[in-house]
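Visitor: I have a structure to look at, and I'd like to learn how to read it. Could we take it feature by feature?

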Amino acid sequence: MNERYSRQILFNQIGAKGQKKLLDSSVLLVGCGALGASHAEMLARAGVGRIKIVDRDFVEFTNLQRQTLYAESDAKERLPKAIAARKRIAQINSEIEIEPIVADVNRSNIESLIADCDLVFDGTDNFQTRYLLNDACVKLSKTWIYGAAVSAYGATMTVIPNETPCLRCIFEEMPSAASAPTCDTAGVIMPIITTVSAVQVTEAIKILTGNYDKLHRSLMQIDVWANDWRKIKLGLPNSDCETCGHGNFAFLDDENQEFSTTLCGRDAVQILPPKPVQIDLRRLAERLKNVADVKQNEYLIRLNIDGFELTVFRDARAIVRGTDDVSAARSIYAKYVGS
Ligand SMILES: [Zn+2]
């Protein structure tokens with residue numbers, strides 16, 4: 001074993017045997033924004049042998065405050081995050097394999113993305129992908145590690161299908177569009193990212209080295225600003241859970257559960273939420289006023305952001321003008337409306 005990992009091998013609970021297991025492991029990172037970049041760096045330094053990174057976004061200057069893998073040159077070149085991540089990780093650890101995939105994660109590709117991985121990380125910025133991930137991981141019996149962070153608050157939970165509760169055992173319904181703050185409207189500070197991702201990666205190292213008895217087995221909620229750390233102990237999976245109890249993988253199997261996107265006219269994409277919903281446009285406008293000049297009437301709000309024109313209607317439908325790339329439009333929606 002080369003000396004790179006010597007201090008980690010000295011840590012008794014990992015040892016040379018555990019290090020070998022890490023080098024033989026394969027993980028998937030779904031999303032390589034703030035949490036994902038932090039996962040990638042820690043896993044690469046720890047010597048996880050193969051890291052597959054899937055992300056649909058490009059590096060922007062607003063990312064640099066918290067997305068540790070990226071540099072100003074990446075933002076200037078607008079490099080895809082997965083590609084910029086590989087470039088940086090190759091400088092950190094050239095002995096492991098990094099597979100970058102620039103793509104939107106959806107029903108059509110999620111199962112093949114996770115099929116050959118030992119473990120899946122949630123580094124997404126939206127509920128839709130998280131519920132999809134939960135369905136796919138329960139279906140294929142893959143352990144995944146939920147993580148979320150906004151403002152100074154974060155949460156994480158490790159899901160071992162049929163052994164621990166899954167995401168839908170705990171949060172049965174996906175929150176509706178425009179109902180929750182996002183990092184791009186409410187802001188976020190880097191320490192909460194580091195904290196949540198550190199707990200996630202520690203769980204992964206325990207799992208990959210066979211230290212299952214040390215998992216925290218809870219829904220962990222942390223507010224680094226309010227100095228509040230909570231652990232809600234998890235029991236058994238809920239036998240009535242649609243996903244892990246009944247084996248109904250609606251997010252995976254039913255196209256009506258997905259946000260639909262259609263090209264409308266030249267250079268515009270329409271996004272339609274899966275369920276009819278009435279949103280409070282005034283509240284959404286209040287949130288967005290922090291980041292852009294918002295024009296509103298009783299039917300819609302409109303703003304120019306990141307080079308696009310975003311129009312959101314009362315039924316949570318939106319039109320993103322300035323692109324014909326549906327995944328770029330979905331990304332804008334997830335960031336500024338929230339899904
Ligand atoms: Zn469940």
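Visitor: How many aromatic pairs does a search of the whole structure find?
Guide: A pair of aromatic rings is described by the distance of the centres and the angle of the planes. Rings of Phe, Tyr and Trp (its six-membered ring) pair if their centres lie within 6.5 Å; planes under 30 degrees apart count as stacked, over 60 as edge-to-face and the rest as tilted. Searching the whole structure gives three such pairs. In one, the ring centres of Tyr-131 and Phe-251 are 5.2 Å apart with planes at 45°, so this pair is tilted. Since Tyr-131 lies in helix α7 and Phe-251 in helix α11, the pair ties together parts that are 120 residues apart in sequence. For Trp-144 and Tyr-146 the centres are 6.3 Å apart and the planes at 75°, so that pair is edge-to-face.

Visitor: Where do these numbers come from?
Guide: This is a predicted model, with residues numbered from 1 along each chain as its sequence is written. Local features need pLDDT of at least 70 and side-chain atom pairs 80 or more, while totals for chains, interfaces and linings use all residues; side-chain values use heavy atoms, leaving out hydrogens and water.

Visitor: Is Trp-144 buried or exposed?
Guide: Buried means under 20% relative accessible area, exposed over 50%, partly exposed in between (1.4 Å probe, protein chains only). Trp-144 is buried, at 0%, and Tyr-146 counts as buried at 8%. Tyr-131 and Phe-251 are buried too.

Visitor: What about helix α7, how many of its residues are buried?
Guide: Helices are DSSP runs (H or I, at least four residues), numbered from the N terminus. Helix α7 covers residues 127-139, and eleven of its 13 residues are buried, including Arg-130 and Asp-135.

Visitor: Which residues coordinate the zinc ion?
Guide: Donors are N, O and S atoms within 2.8 Å of the metal (3.2 Å for Na, K and Ca); water is not among the atoms, so sites may look incomplete. Here the SG atoms of Cys-166, Cys-169, Cys-241 and Cys-244 coordinate the zinc ion at 2.3 Å. Four donors count as tetrahedral if all angles lie between 85 and 135 degrees; these subtend 93 to 122°, so the arrangement is tetrahedral. The donors' spacing in sequence is C-x2-C-x71-C-x2-C.

Visitor: And which residue has the charged end of Arg-330 over its ring?
Guide: A charge sits over a ring if NZ of Lys or CZ of Arg is within 6 Å of the ring centre and within 35 degrees of the ring normal. For Arg-330 the ring is that of Phe-259, with 4.5 Å to its centre.

Note on methods:
Helices (H or I, at least four residues) and strands (E, at least two) are DSSP runs, numbered from the N terminus. The expected span of a helix is 1.5 Å times one less than its number of residues. Four donors count as tetrahedral if all angles lie between 85 and 135 degrees; four count as square planar and six as octahedral if opposite donors are over 155 degrees apart and all others between 65 and 115; anything else is irregular.
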